[in-house]
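Please keep the viewer open while you read.

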Amino acid sequence: MPFTMEPEAFDRLRRLDALAVRISLDLAHRITPEDFARPTPCAAWTLGELLAHLTAQHLGFAAAARGRGGELDRWAVGPVTADLPKRHEAAAAEALAAFGELAGPEPLFALPEFSSPFPFPAGQAVGFHLVDAVAHGWDLAASLGLDYHADPELLDTALAVALAVPDGDSRLAPGSAFEPALPADPGSSPLDRILVALGRSPQWGRA
């Protein structure tokens, strides 16, 4: 079945994606080079490596929105150096600017890091970017010993996307941003349901 999304729904998705990115930026602004070695809920990455991954993702999605997502160098992860927070901020701004240039939800994104070999319509791709921003925003907060706060509308939207993310062996591949889903406790919050759907323990770092 062809992908369909109303223009109003796409505009709402872009607005919420920008909100998720701003929340993660507020957290990233707290990071100093002395924090780069901190552990994160992404066991394979330190905080510096996680921020470098986020930076690369923003640049990759920006390239994909402009028809260049198939160029693998656009997704390359840069070094963890003292200027990383500034590079991350610039990359986030680039992604939001590229999304703002989209005429609607139909343009196709090449996303080579995703399991599907086929391009995704913008309406899906921006949703992927949104849930990535929420999940990694929580990662940043947890690594810094902070709480993650987000609007209920944003969390409800991110939850719908997170539950649609395929859960399979691809999550076990080296460098995967998400691990296999964990069981959800009955009555858990939307944020906790997002986290377990993406293989994270909501209790990480709370002990």
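Which residue forms a salt bridge with Arg66? The partner is Glu101, and the closest N and O atoms of the two lie 2.8 Å apart. A salt bridge here is a side-chain nitrogen of Lys or Arg within 4 Å of a carboxyl oxygen of Asp or Glu. The pair links distant parts of the chain, with Glu101 in the loop between helix 3 and strand 1 (108–109) and Arg66 in the loop between helix 2 and helix 3, 35 residues apart.

Before going further, a word on the source: this is a predicted model, in which local features need pLDDT of at least 70 and side-chain atom pairs count only at pLDDT 80 or more, while totals for chains, interfaces and linings use all residues. Residues are numbered from 1 along each chain as its sequence is written, and side-chain values use heavy atoms, with hydrogens and water left out.

## Salt bridges

Side chains of opposite charge can pair when their charged atoms come close. A search of the whole structure finds 10 salt bridges, among them these three:

| Pair | N to O distance |
|---|---|
| Glu101 and Arg66 | 2.8 Å |
| Arg15 and Glu153 | 3.0 Å |
| Arg87 and Asp83 | 3.2 Å |

Take the Arg15 and Glu153 pair, whose side chains meet in a salt bridge. Arg15 lies in helix 1 and Glu153 in helix 5, so this pair ties together parts that are 138 residues apart in sequence. Helices (H or I, at least four residues) and strands (E, at least two) are DSSP runs, numbered from the N terminus.

Arg15 is partly exposed at 44%, and Glu153 is partly exposed at 27%. Arg87 has a relative accessible area of 25% and is partly exposed; Asp83, at 37%, is partly exposed too.

## The nonpolar core

In soluble globular proteins, nonpolar side chains tend to be buried together. A nonpolar core is a set of buried Ala, Val, Leu, Ile, Met, Phe, Trp, Tyr and Cys residues joined through side-chain atoms within 4.5 Å. The largest one in this model holds 60 residues, and the members touching the most others are Phe109, Leu111, Val134 and Tyr148. At least two residues of this core come from each of helix 1 (7–28), helix 2 (47–65), helix 3 (84–100), helix 4 (122–144), helix 5 (152–164) and helix 6 (190–197). Helix 4 gives the largest share of the core, 14 residues.

Contact means heavy atoms within 4.5 Å. Leaving out residues up to four places away in sequence, Phe109 touches a set of residues including Phe61, Phe99, Leu102, Pro119 and Phe120.

## How the helices pack

Helix 4 and helix 5 pack at an angle of about 110°, with their axes 9 Å apart. The axes are lines fitted to C-alpha atoms, for helices over the stretch in contact, and angles run from 0 to 180 degrees between N-to-C directions. The two helices are therefore roughly perpendicular to each other, a label for angles of 65 to 115 degrees. Gly127, Phe128, Leu130, Val131 and Val134 of helix 4 meet Leu154, Leu155, Thr157, Ala158, Val161 and Ala162 of helix 5.

Helix 6 is mostly covered, with six of its eight residues buried: Leu191, Asp192, Ile194, Leu195, Val196 and Ala197. These buried residues pack against helix 4 and helix 5. Just after helix 6, Gly199 takes a positive phi of about 85°.

Gln57 is found in helix 2 and counts as buried, at 6% relative accessibility. Beyond residues up to four places away in sequence, Gln57 touches Trp75, Glu113 and Asp132.

Arg38 sits in the loop between helix 1 and helix 2 and is partly exposed, at 34%. Setting aside neighbours within four places in sequence, Arg38 is in contact with Thr46, Leu47, Ser143 and Leu144.

Key
Buried means under 20% relative accessible area, exposed over 50%, partly exposed in between (1.4 Å probe, protein chains only). Angles under 35 degrees count as roughly parallel, over 145 as roughly antiparallel, 65 to 115 as roughly perpendicular and the rest as oblique.
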